[in-house]
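Q: I have a model open and would like to talk through a few places in it. Could you go through them with me?

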Amino acid sequence: MTKLQTGYIIFAVLTALVFLSTSSVSVTLGFLFLFGTPLFFMKALPAYATHLNYFNKYIFLLICTFIFVFLITPILIIMPLSFNAEPYFTFT
Amino acid sequence: MQDSSTTTPETLVTADGVPLKQKLIQSTRRARWRALLLTLPLVIFVLVSFIFPIGQMLLRSVNNDTASSVLPNFTIAIKDWDEQGLPPEQTIKLFVLDMQEAREKREIGKTVGNLATRINYEIPGSRSLFTSSSRKLARVTEGPYTEALLEISEKWDNPVLWRSLKRATSDFTPYFYMAALDLKYDDEGNITEADELYQIYVSNFFKTLRLSATITFICLLLAFPVSYLLSTLPLKTSNLLMILVLLPFWTSLLVRTTAWIAILQTEGIINDILVFIGLVGDDGRVQMIYNQTGTIIAMVHILLPFMILPLFSVMKTIPPSYMRAASSMGAKTFTAFRRVYFPLTLPGIAAGTLLVFILAIGYYITPALVGGEDGLLISNLIAYHIQKSLNWSLGAALGSLLLVIVLVLYWLYNKIVGIEKLSFG
């Protein structure tokens, strides 16, 4: 089993744990998106890379994902907002 | 054929005997004029749209011609007053006559109202004294004028008021700069600190500097990993991710700021999520907007692309083999980053921080919309004085001080980092 596959399995277990503890689909989907995206973009590192290297790389990609979400959320948020019938900013 | 030995070897001349250097200048003169003419539209544009308004602002911040244009004769007479007790009868007579004339002529910018507003800056509450006295003074036709004035209002029996009037008649005044630095004239005419209630500008300047520094630092922290990722990814992926950076850049400033209101308000998305997860109760929603937090979050989002783009373009030029070479020579990852990669990114960091900091220090729209009361910057106070209180001179003085601060920071930056290190890639 490669080190990347170990990561996939750990992530799957964590997702299951999140779903079991919150029993909410939306929270699980949010977790899946936020923490799965960096995993999706992970590539196999050189053969000498240790588990710690993989973990560091994952944390780095996770931080980048958060920053990209921070950058793009205000742009996307106005789309559902434009269907708003209320006088002030509320999601209907 | 002419003998070449007749000319000295130092001055080369052309066939018709003119020195070569002079001939060369002559022949390139037309080209130089043409080049100058081509830059003329830009020079005129910069002069008209930039240099001239800044000059106007600097002039406006010290200009003090209201009183001397409303009271021309009094202005000359008051110069001889020794500032003890009331001015002599002759001076007060000129004051009354000037007031009467200003009331009759009603020239724009030269009315008693303008004068009253000007004195009211220094002595709050004196505005009504001037306007009501002006009305009653119209009936005064003969002396003694001092008694007539005191009969109208006891408040004229006040040397502080006359001293303030005397100061107001000089052509230039440091008063607005003093006001912008929380200073004022006391009753004896000395410069002292303003009342504690009115000390708002200096603390606001410091708050602006502090917030701008915080925003710049957060921007740098967020931009560094993203730029590194973008510069190391294959071109196809990085182009795709670059859109995520550029999309906020292309969206209107107002749209983004309004979106942040929708996200951060107490009934907004983040609070809804926090309540949904159960981190906070429904009655304990976090106030994240209309304070400094809101200003920082929204401004970091808006200014982040200005940090990412120069950092990215500099990191793009750093060959990845440098880091590998450092590793092969025994450097740990962190050491290789600190000793090799980080110094190479310094030009980008320099450019990004300078850009973000100078943009942040004069930012207006975002703090005005999401800043509430606490998160207002100095630019909002300037806008207040230009648009609401109509004390343009104070607004100009604050603006000039801001300009000076930026220039000093630029000079410091040049001393510490060196402006030649600046690189946008």
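Q: Leaving out residues up to four places away in sequence, which residues does Leu233(B) touch?
A: This is a predicted model, and in it Leu233(B) touches Ser238(B) and Leu241(B), once residues up to four places away in sequence are set aside.

Q: And where is Leu233(B), in terms of the elements of chain B?
A: Leu233(B) sits in the loop between H10 and H11 of chain B.

Q: Staying with H11(B), at what angle does it pack on H14(B)?
A: The angle between H11(B) and H14(B) is about 125°, and their axes are 9 Å apart. That angle makes H11(B) oblique to H14(B), and the crossing in which H11(B) passes H14(B) is left-handed.

Q: Which residues meet there, between H11(B) and H14(B)?
A: From H11(B) there are Val245(B), Leu246(B), Pro248(B) and Phe249(B), and these meet His301(B), Pro305(B) and Ile308(B) of H14(B). Sorted by class, the contact of H11(B) with H14(B) holds six nonpolar residues and one polar residue, with no charged residues.

Q: OK, on to the chain pair: how many residues are in contact between chain B and chain A?
A: On the chain B side 22 residues are in contact, and on the chain A side 17 residues. The elements of chain B that give two or more residues to the side touching chain A are helix H10 (201–232), helix H11 (235–250), helix H12 (253–264), helix H13 (269–277) and helix H14 (292–315).

Q: Which of them gives the largest share of that side of chain B?
A: The largest share comes from H12(B), with seven residues. By class, the side of chain B that touches chain A is made up of 17 nonpolar, three polar and two charged residues.

Q: What about chain A itself, how many helices and strands are there?
A: Chain A has three helices and zero strands, and from the N terminus on its elements run α-α-α.

Q: What is the radius of gyration of chain A, against that of a compact globule?
A: Chain A has a radius of gyration of 17 Å, while a compact globule of 92 residues would be near 12 Å. Along the principal axes, the C-alpha atoms of chain A fill a box of roughly 60 × 30 × 15 Å.

Q: What percentage of chain A is made up of buried residues?
A: Of the 92 residues in chain A, 5% are buried. As for the contacts in chain A between residues at least 6 apart in sequence, 42% of them join residues at least 24 apart.

Q: Back to chain B: how do H1(B) and H19(B) pack?
A: Helix H1 (residues 20–62) of chain B packs on H19(B) at an angle of about 120°, with the axes 7 Å apart. H1(B) and H19(B) are therefore oblique to each other, and their crossing is left-handed.

Q: Which residues are at that H1(B) and H19(B) contact?
A: Met57(B), Leu58(B), Arg60(B) and Ser61(B) in H1(B) meet a group in H19(B) that includes Trp392(B), Ala396(B) and Gly399(B). The contact of H1(B) with H19(B) divides into five nonpolar, four polar and one charged residue.

Q: Which value does phi of Leu390(B) have?
A: Phi of Leu390(B) is near 55°, which is a positive value in a residue other than glycine. Most residues other than glycine have a negative phi. Leu390(B) lies in the loop between helix H18 (378–387) and H19 of chain B, and it is exposed because 11 other C-beta atoms lie within 10 Å.

Q: And phi of Asp182(B), what is it near?
A: Phi of Asp182(B) is near 65°, a positive value in a residue other than glycine. Asp182(B) is found in the loop between helix H9 (175–180) and strand E1 (183–185) of chain B, and it counts as partly exposed, because 18 C-beta neighbours lie inside 10 Å.

Definitions and conventions
Residues are numbered from 1 along each chain as its sequence is written. Chains are lettered from A and ligands numbered from 1 in the order in which they are written. This is a predicted model: local features need pLDDT of at least 70, side-chain atom pairs count only at pLDDT 80 or more; totals for chains, interfaces and linings use all residues. Two residues are in contact if their C-beta atoms, placed from the backbone, lie within 7 Å. Helices (H or I, at least four residues) and strands (E, at least two) are DSSP runs, numbered from the N terminus. Ala, Val, Leu, Ile, Met, Phe, Trp, Tyr, Cys and Pro count as nonpolar, Asp, Glu, Lys and Arg as charged, and the others, Gly among them, as polar. The radius of gyration is taken over C-alpha atoms; the globule rule is 2.2 Å times the number of residues to the power 0.38. A residue is buried if 20 or more other C-beta atoms lie within 10 Å of its own, exposed if 12 or fewer, and partly exposed in between; C-beta atoms are placed from the backbone. Axes are lines fitted to C-alpha atoms, for helices over the stretch in contact, and angles run from 0 to 180 degrees between N-to-C directions. Angles under 35 degrees count as roughly parallel, over 145 as roughly antiparallel, 65 to 115 as roughly perpendicular and the rest as oblique. A crossing is left-handed if the near helix is turned anticlockwise from the far one by less than a right angle, and right-handed if clockwise.
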